[in-house]
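Subject: the two-chain model

Hi,

Here is the model I said I would pass on. Have a look at it first, and then read my notes below.

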Amino acid sequence: MMWNEYSVGLALVMLSAVISFVALLREKDDLHRLLIIDLVEIPSLAIIALLGTDLAEALILPGLVVGIAELLALSQIYVTKEGLRERPVRSLHIEVVELAHAPIIISALLVGYGIVLTGFTGGAVAALGAIFFLVSRGNADKYELVEMASGIAWAAWIASFFVFMFFPQYWYAGVMGAAVGILIKVVAKMSLVGSMWGEAE
Amino acid sequence: MNEIGGQPLFLLPFGDIFIYFTPFTLTLFLLALIFTVLVIISKPERQIDIVFGGDAFLAKKISISEMRFRRFMAIACGLASMGAMVTGDLFDFALFTSLVGICNVGIVAAVKSRHVQNAAYQYGLVAMSATVPLFAGAAMAAATTGTLSILELARSSASVVPLSVKGLLTLGVMGEGMAPFYAAKAEMFRAPGAPYVIMCSLSSLLIFLRVIEVVLTV
């Protein structure tokens with residue numbers, strides 16, 4: 001059969017890729033190009049997702065990470081080349097968000113749910129809670145600890161993979177180590193996004 | 001098996017994925033390794049501007065922090081190229097290639113000069129849009145054949161990967177490394193700091209040679 005689901009999906013994704021490339025071609029402003037490039041990344045993830053197997057799930061993660069890394073690097077270059085230095089907006093200046101208990105409750109719920117989910121998804125959910133809390137309070141300047149936690153969690157994640165490879169009989173320890181490691185790593189990494197801009201002082 | 005790169009000399013299996021050296025990839029790997037060592041031990045060149053019509057000249061200063069960052073990026077670029085040379089997995093190849101693209105941008109982006117940063121930004125946009133055909137090629141190869149292993153795909157005598165997929169892969173590598181279009185990187189090469197900038201062209205050349213081998217093999 002020529003037109004199975006995969007072919008239809010592929011045609012749709014290719015079409016959307018072409019549309020975003022045309023938009024990229026017509027846009028002349030550098031900042032808008034950066035935004036459109038983010039849009040262009042999505043079809044490439046969609047093509048991987050079309051595989052529809054657990055392999056696709058394993059491949060999307062590195063694809064996504066590469067895309068985010070490139071986007072962060074490019075936006076940093078944009079900030080430097082345009083000479084944008086002052087970034088006065090440090091937190092959301094909304095009275096309700098700043099003073100009420102709601103951010104704490106919402107953040108706690110998100111972090112708790114993320115811990116229950118574990119893994120990458122849980123990390124993303126918990127990170128959302130952490131970011132929301134940091135943004136609404138906007139008084140966090142001690143990031144060294146978060147960076148260190150991220151590094152240690154990453155090492156634990158890698159160590160768990162070595163357990164899988166070399167000591168398969170301890171797979172349960174490997175699963176737990178990898179799940180907790182990536183949870184903490186994703187939370188820490190996502191909380192750091194946007195806080196490590198600019199030149200090192 | 002269509003052996004464009006010669007018989008594999010060394011195989012390290014991870015499931016059906018092999019890390020392997022053929023005489024061809026071994027040569028490229030050694031080239032990347034030697035150059036990475038050179039980058040580690042060498043000091044950056046100091047660009048000289050001659051004042052037109054006079055005897056004066058200006059040596060451009062390269063700050064220690066800038067030098068450190070660019071050296072780190074050049075080493076990372078060397079490691080990524082080495083990874084792209086030895087991997088036997090189409091998706092890993094795509095990942096290493098896009099890593100080479102990011103590192104190439106990073107090598108020049110530390111230069112505090114407006115035109116160099118502009119060039120790096122434009123190049124970064126191209127490199128980023130090139131991830132679409134690159135990852136699409138790898139994913140479509142997995143969808144049509146059921147495996148990502150280059151050796152597994154090379155096993156059958158006829159080519160199992162469709163031509164369009166090969167085209168996408170090549171297009172992606174061309175975008176990441178700007179491989180045959182070095183003129184597009186001219187502004188980037190004007191950045192001071194010789195050994196690091198040369199890493200850009202070397203890595204692009206290597207990934208381009210490797211993708212040709214991959215496309216002809218699978």
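Before anything else, a word on burial: I call a residue buried if 20 or more other C-beta atoms lie within 10 Å of its own, exposed if 12 or fewer, and partly exposed in between, with C-beta atoms placed from the backbone. Helices (H or I, at least four residues) and strands (E, at least two) are DSSP runs, numbered from the N terminus.

This is a predicted model, so to speak of a local feature I need pLDDT of at least 70, and side-chain atom pairs count only at pLDDT 80 or more, while totals for chains, interfaces and linings use all residues. Residues are numbered from 1 along each chain as its sequence is written, and chains are lettered from A and ligands numbered from 1 in the order in which they are written.

Chain A to begin with. It has eight helices and zero strands, and buried residues make up 25% of its 201 residues.

Take helix α5 (residues 102-117) of chain A. Its 16 residues reach 22 Å from first C-alpha to last, close to the 22 Å expected at 1.5 Å a residue (the expected span being 1.5 Å times one less than the number of residues). Which residues of α5(A) are buried? They are P103(A), S107(A), L110(A), V111(A) and G114(A). After α5(A) comes T118(A), with a positive phi near 55 degrees.

Further along, V187(A) sits in helix α8 (residues 171-192) of chain A. V187(A) is buried, with 27 other C-beta atoms within 10 Å. Leaving out residues up to four places away in sequence, V187(A) touches G123(A), A126(A), A127(A) and A130(A); contact here needs C-beta atoms, placed from the backbone, within 7 Å.

Now chain B. Strands β1 (residues 10-14) and β2 (residues 17-21) of chain B pair in the antiparallel sense over five bridges, where pairing takes at least two bridges found by DSSP. P13(B) has F18(B) as its bridge partner in β2(B). The two strands form a hairpin with two residues between them, and G15(B) in the turn has a positive phi of about 65 degrees.

Helix α1 (residues 23-41) of chain B has 19 residues and reaches 27 Å from its first C-alpha to its last. T25(B), L28(B), A32(B), F35(B), T36(B) and V39(B) are buried in α1(B). They cover an arc of only 105 degrees around the axis, which puts them on the same side of α1(B). Turned away from that side are the exposed P23(B), I34(B), V37(B) and I41(B).

Finally, how the chains meet: 29 residues of chain A are in contact with 25 residues of chain B. On the chain A side, α1 (5-26), α2 (30-49) and α3 (54-81) each give two or more residues, and α3(A) gives the largest share, 14 residues.

Cheers

Conventions:
Contact = placed C-beta atoms within 7 Å. Arc of directions from axis to C-beta.
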